[in-house]
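Please read this note with the model open beside it.

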Amino acid sequence: MKLKVIPLFFCMGFTLMAEVHTLTLPQCVNRALHQNPDLIIARLDAENAAQQVRVAKDPFIPKVYVGSGLAYTSGFPMSVEGAAPSVVQARAIASIIDRPQRYRLSQTREEAKGARLDTENKRDEIVLRTVELYLECKRNSKTARTVRAELEGLKRVVAMMRVRLREGRELPLAVKRAQLDVARAEQRVEIYESDLAYSESRLASVLGFAAGDRVRAVADELPKLTVPATEQEAVRAALHDNTRIRRLESSLVAKGYQIKAAKAAWVPSSSCSFNWGSILLSSLDFSHHLLAKTFNSGYVTAFNLIQNFSDRKSVV
């Protein structure tokens, strides 16, 4: 007996926590645009794509390193981590010519643009789903009210027929037929109320409410929509505002940059570096010290003699 009481207790607590929210259509759309889980994930993906653009631009941003290379040497100074021993040293490195990386940067920008278009497409889908579920809730609520009113009418008819039956002015078979109609109406009421609860739960899920909550549609007038005056204006607006078409165009442009980056793998890449350091020189008996400053700059050019398999596959 105790094992049966505990699950029943949790079910009752879950039912008590469920709430019914009464919202208008503009309120539902506004909440869906801010709290829908799928739309939030799409925005995070767009933000991640925007951060990838900064990562792709990193090779072209000069990097400055400042530090110290203190070391003790006996005789000719050897290299310490690629540089001579120094008290203070500074180094700057930046890429100047890197054609494949330039194309990859353009590809990353297009992919970020495509991620933004995916967010807009997801937003339109969420708004459309919200409106459809809201209208479905209103339709189911109206149908449920109509069936309940019909049920109340049938119950009154049965009550009148029972009075007439006791007075001997009604046949028992007619009363049983009326009771059958009442039973059928009760079954229809249960079906439509179940459909209403299901649609309200789906609407609450789209709006980001907790599991078990329901959203009840308000019985008010729906806002009027502006319709294009002509068919040509409707087609023009559909083609211009269609995020799926713009997303496909962005994907084609990004793939084009990917192919260009693969073909440009043979182009030499160049980078420059600047090094400055302060070296402390001492005599053998440490009686004399000399602080010498050094500066050098370099220009490196690299040739890609063997193309990577991934680049060849992208070109194909």
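Is Lys 260 buried, exposed or partly exposed? Lys 260 counts as partly exposed, at 44% relative accessibility. The cut-offs are under 20% relative accessible area for buried and over 50% for exposed, with partly exposed in between (1.4 Å probe, protein chains only).

1. **Basis.** This is a predicted model, in which local features need pLDDT of at least 70, side-chain atom pairs count only at pLDDT 80 or more, and totals for chains, interfaces and linings use all residues. Residues are numbered from 1 along each chain as its sequence is written, and side-chain values use heavy atoms, with hydrogens and water left out.

2. **Overall make-up.** The chain has 8 helices and 6 strands. Helices (H or I, at least four residues) and strands (E, at least two) are DSSP runs, numbered from the N terminus. Their order from the N terminus is α-β-α-α-β-β-α-α-β-α-α-β-β-α.

3. The chain has 316 residues, and 24% of them count as buried. Take the contacts (heavy atoms within 4.5 Å) between residues at least 6 apart in sequence: 75% join residues at least 24 apart.

4. **Helix 4.** Helix 4 covers residues 99-166, which is 68 residues. At 1.5 Å a residue it should span 100 Å, and its end C-alpha atoms are 99 Å apart, so the two values agree. The expected span is 1.5 Å times one less than the number of residues. Just after helix 4 comes Gly 168, with a positive phi of about 80°.

5. **Helix 5.** Helix 5 (residues 172-206) has 35 residues. From first C-alpha to last it reaches 51 Å, close to the 51 Å expected. Gly 208 follows helix 5, and its phi is positive too, near 85°.

6. **The buried side of helix 5.** Buried residues here include Val 175, Ala 178, Val 182, Ala 185 and Val 189. Further along, Leu 196, Ser 199, Glu 200, Leu 203, Ala 204 and Val 206 are also buried. An α-helix has 3.6 residues a turn, so residues three or four places apart point the same way. The cover over the buried residues of helix 5 includes helix 2, helix 3, helix 4 and strand 4 (214-217).

7. Glu 200 lies in helix 5. Glu 200 is buried, with a relative accessible area of 2%. Leaving aside neighbours within four places in sequence, Glu 200 contacts Cys 137, Asp 213, Arg 214, Val 215 and Arg 216. Glu 190 is also found in helix 5, but at 56% relative accessibility Glu 190 counts as exposed.

8. **Helix 2 against helix 3.** Helix 2 (residues 25-35) and helix 3 (residues 37-56) pack at about 45°, with axes 6 Å apart. That makes helix 2 oblique to helix 3. Axes are lines fitted to C-alpha atoms, for helices over the stretch in contact, and angles run from 0 to 180 degrees between N-to-C directions. Angles under 35 degrees count as roughly parallel, over 145 as roughly antiparallel, 65 to 115 as roughly perpendicular and the rest as oblique. On the helix 2 side, Ala 32, Leu 33, His 34 and Gln 35 meet Pro 37, Leu 39, Ile 40 and Arg 43 of helix 3.

9. **Helix 3 against helix 4.** These axes come within 9 Å and cross at roughly 170°. That makes helix 3 roughly antiparallel to helix 4. Ala 42 lies in helix 3 and counts as buried, at 11% relative accessibility. Beyond four places in sequence, Ala 42 is in contact with Thr 119 and Lys 122.

10. **Arg 162.** Arg 162 lies in helix 4. At 41% relative accessibility, Arg 162 counts as partly exposed. Arg 162 touches Val 175 and Gln 179, not counting residues up to four places away in sequence. The C-alpha atoms of Arg 162 and Val 175 are separated by 6.8 Å.

11. **Back to Lys 260.** Lys 260 sits in helix 7 (residues 243-263). Lys 260 and Arg 102 are 158 residues apart in sequence, yet 9.8 Å apart in space, C-alpha to C-alpha.
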